[in-house]
Amino acid sequence: MSMFDGFKFRSVNSSVHKMDPRAKFIYVCVMFAVAVMFSQIIPLLVLLIIQMPLVFAARVQKEWLRSMKGAAGFAIIIFLMNVFSLYFYGNYESLSAIVERSFALTLRFMVLIESFSVFFLTTSPDLLGLALEQSRVPYELCFAFTTAVRFVPVLAEEAQTIMDAQKARGLELEGGSFIKKIRNYIPILIPLIVNAIRRSLELAETMESRAWGATQNRTNLYVLRMGRKDFLLMLFSFAMLVVSVYVSLNVQIPNIIYLLNI
Amino acid sequence: MIRIQDVFFSYPNGVEALKGVSLEIQDGEFLAIMGQNGAGKTTLVKHINGLLKPTKGTVTVDEADTTKVSVATLAKKVGFVFQNPDHQLFSETVEEEISFALRNFGFSESAIKERVNWALNLLDLAEYRKVSPFMLSGGERKRVALASVLAWDPKIVILDEPTIGQDSQQKERLRQFILQLNHLGKTVIIVTHDVEFVAECKPQVVLMSQGKVIAQGSAEKVLTNLEVVTQASVVLPQISQLFANLKDIGFPTEVIDVNEATDILLGRLGDSR
Amino acid sequence: MPIIETKNLTYTYPIGTKPAFEDVTIKIDKGEFVVLTGPSGCGKTTLCRCFNGLIPHFYSGKLEGEIYVSNLKVVNHPIHELAQHVGMVFQNPENQLFALSVEKDVAFGLENLGISREKMRERVDWALKITGIYGLKDRAPYELSGGQQQRVAIASVLAMQPEIIVLDEPTSFLDPVGAQNIFEVINRLNKDLGITIILVEHRLDLTSKYASRVMIMDKGRIILDGPPKEILNSEEARLIGVGIPKVTRLYQILKNKGLNLNEIPLSAEEATKGLLEVLRI
């Protein structure tokens, strides 16, 4: 649960939150591309650190830390898997080289998690839906997207209540064979599905009552306009891409073990 | 006996729902836990059947610490009827729905048969035995949910917001049913913010606000105390509002019932005549 | 000219064997505050679904008789057109909010209608202010209490500037204080803006004092219809088992025992006034 909290939108009044999701999306794409471009510790560490000002500007340090902590478990697994596979299947001359390479790949994972976390923490699904809308995605799809996001916490809470209600009637969810475990979930799944259907019917009734489909030319309370900050972010992303391509083609990046003379 | 001692509880998201609640509920007591939504009422009663465990403090049911026994073990003693019947109904027939818990608790087939019959009759559902619970009306579904809990004859029965969405006839039936259960010697605990319903049932009342118990006592005492009732964001029952207004001309204030009100008013009028 | 008029209206759901309501003939004038009540399953919700065209456009089934709302023949006009005249607020606040912020939700209907952004902003702010939730406009729905959510739902239909607002048990999930706030908001819409209100409710002790008219349904028919005091004091109302206010019941018992108050009370205040009058003789 705590890991997902690190990706759940948090409403804060910050300049990062106000940025255009499209600009932020370009930034995330660039981050992704650049992170994949390198497999050495130094550039990836730079990438990890370079994003931090954004986290602080958005004032989501706590949630961001949570996502990093949540990812740490995976990071360790990735690290061990890499060490293991490089040791047996790679042809590295020393163990320290293997460790360094594995560490770098783990770092890459962290960089990706960091940029995704920043994106989702600071981009309200409302604005994301709007960005989709303004990118000519059909409105029905955008609406389905924001409504789904809106009802995730509601459904999670409902599932918990149903579980409690059945546990109060003596249902034991833990233990038993695999088949028994699946059977145990039937008393939870059926009410969940029945309620979801009932809920969707009520939602449809409400939508109809609010003039759904009245006109083809639907308007929107908000409009996304790229501002100076958005252009700056895109410029920064673009610059980073160019520099990275240049560096990866022309600069020999030293290894840490080489620097430390191990 | 249920003993709740200095219980604190925080949800994983950090919300502190209970802040030091202590309460003793005797066997055979009829208790209403009242307060506004979010006061911690449901959180508190979920501690009694072990669905929630205190962050600090202890809850014991008949001397058994709820942290040391499973929910299933506690549930046998503590029946919990949830607010919305649709959160528990899943079977193909009403009969199967009622036998679900009995099977979980390992009753024999013959005992199951007997108890299902008993519960069906108790709640006037015999004609729906083979009907799908999903085909029934809201009020009937509520009764099926109630029957499915009472079937195993728990000695403590907790009802979470039983009057929500019920019309006044259904409420009256529910009132009589609850009194009947209590008469059979069961401990009955209702969680509600329906003041008029409580004024008619006249149980012991525990008033909660912001995770704390702010008053307890008889319904007449608690529901006529404007100060605590306001603090809990509940309202006075209509009759007690009336008597609060008449206080200045020498009327008693602890009146919540229409019949009692009639007697007092007529008595007073007899005096003045 | 009545704002809602039905003649011998009868409706049967597609899966129903008998009508959900039958032979309903009513006239409701502009500016009325109607409380519609009756036992569960009596057909009140179904009747309300006709007022904005959910029946017959969203629910199929068999609709007989005639119904006009704001001079529009309901059968001939789509829901989105009727929605601009009749706002609907439902029981469960949770399932009436789609967006992730309050103001976006309030704007939903206006967006569907294609209203320009400037005008939309104006109307959204207006609706938020009238319902007293302007301060919550940037909040997410799950951060709100049930009462606040229900006020958002009211603001959302209000923003479309309907002449009629129909509310189907809007407070059944709310606590007493939350419910009272909702009733006060509804009352303001009626008294200050002249919006016609149809409120479906069981809690007559809290609502009848605002009403100009009470209608009671039973088994699919409207059986009582008139001024609140008269209806709630009637023997029929008591026998059907609608929850008449406790002070009205007190009045009846006192009257039977020979103590007659000058007026039928619906609220504690009215009862106090009446009692003080007789006690001081």
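**Figure 1. Chain A is split into two domains.** In this predicted model, chain A has domain 1 (2–123 + 225–260) and domain 2 (146–209), with bounds that come from an automatic or database domain assignment. The C-alpha centres of these two domains of chain A lie 36 Å apart. Residues are numbered from 1 along each chain as its sequence is written, and chains are lettered from A in the order in which they are written.

**Figure 2. Two helices of chain A pack together.** Helix α9 (residues 139–167) of chain A packs against helix α11 (residues 186–209) of chain A at an angle of about 140°, their axes 10 Å apart. That makes α9(A) oblique to α11(A) (under 35 degrees is roughly parallel, over 145 roughly antiparallel, 65 to 115 roughly perpendicular, and the rest oblique). Helices here are DSSP runs of H or I with at least four residues, and strands are runs of E with at least two. Axes are lines fitted to C-alpha atoms, for helices over the stretch in contact, and angles run from 0 to 180 degrees between N-to-C directions. Look for F143(A), F151(A) and V154(A), among the α9(A) residues that meet α11(A), where the partners include P187(A), I188(A) and M207(A). Contact means heavy atoms within 4.5 Å.

**Figure 3. The largest nonpolar core has 60 residues**. Such a core is a set of buried Ala, Val, Leu, Ile, Met, Phe, Trp, Tyr and Cys residues joined through side-chain atoms within 4.5 Å. V106(C), I165(C), I186(C) and I197(C) touch the most other members. Domain 1 (1–85 + 162–238) and domain 2 (95–160) of chain C each give at least three residues to this core. Leaving out residues up to four places away in sequence, V106(C) touches V124(C), A127(C), L128(C), V152(C), A155(C), S156(C) and A159(C).

**Figure 4. Helix α11 of chain C is tucked away.** Eight of the eleven residues of α11 (residues 246–256) of chain C are buried, so the helix is largely enclosed by the rest of the structure. Buried means under 20% relative accessible area, exposed over 50%, and partly exposed in between (1.4 Å probe, protein chains only). The buried ones include K246(C), Y251(C) and L254(C). Just after α11(C), G258(C) takes a positive phi of about 95°.

**Figure 5. T12(C) sits in a strand.** T12(C) belongs to strand β1 (residues 4–12) of chain C and is buried, with a relative accessible area of 13%. Neighbours within four places in sequence aside, T12(C) is in contact with K18(C), P19(C), A20(C), G61(C) and K62(C).

Definitions and conventions
Predicted model: local features only at pLDDT ≥ 70, side-chain atom pairs only at ≥ 80, totals over all residues. Heavy atoms only, no water.
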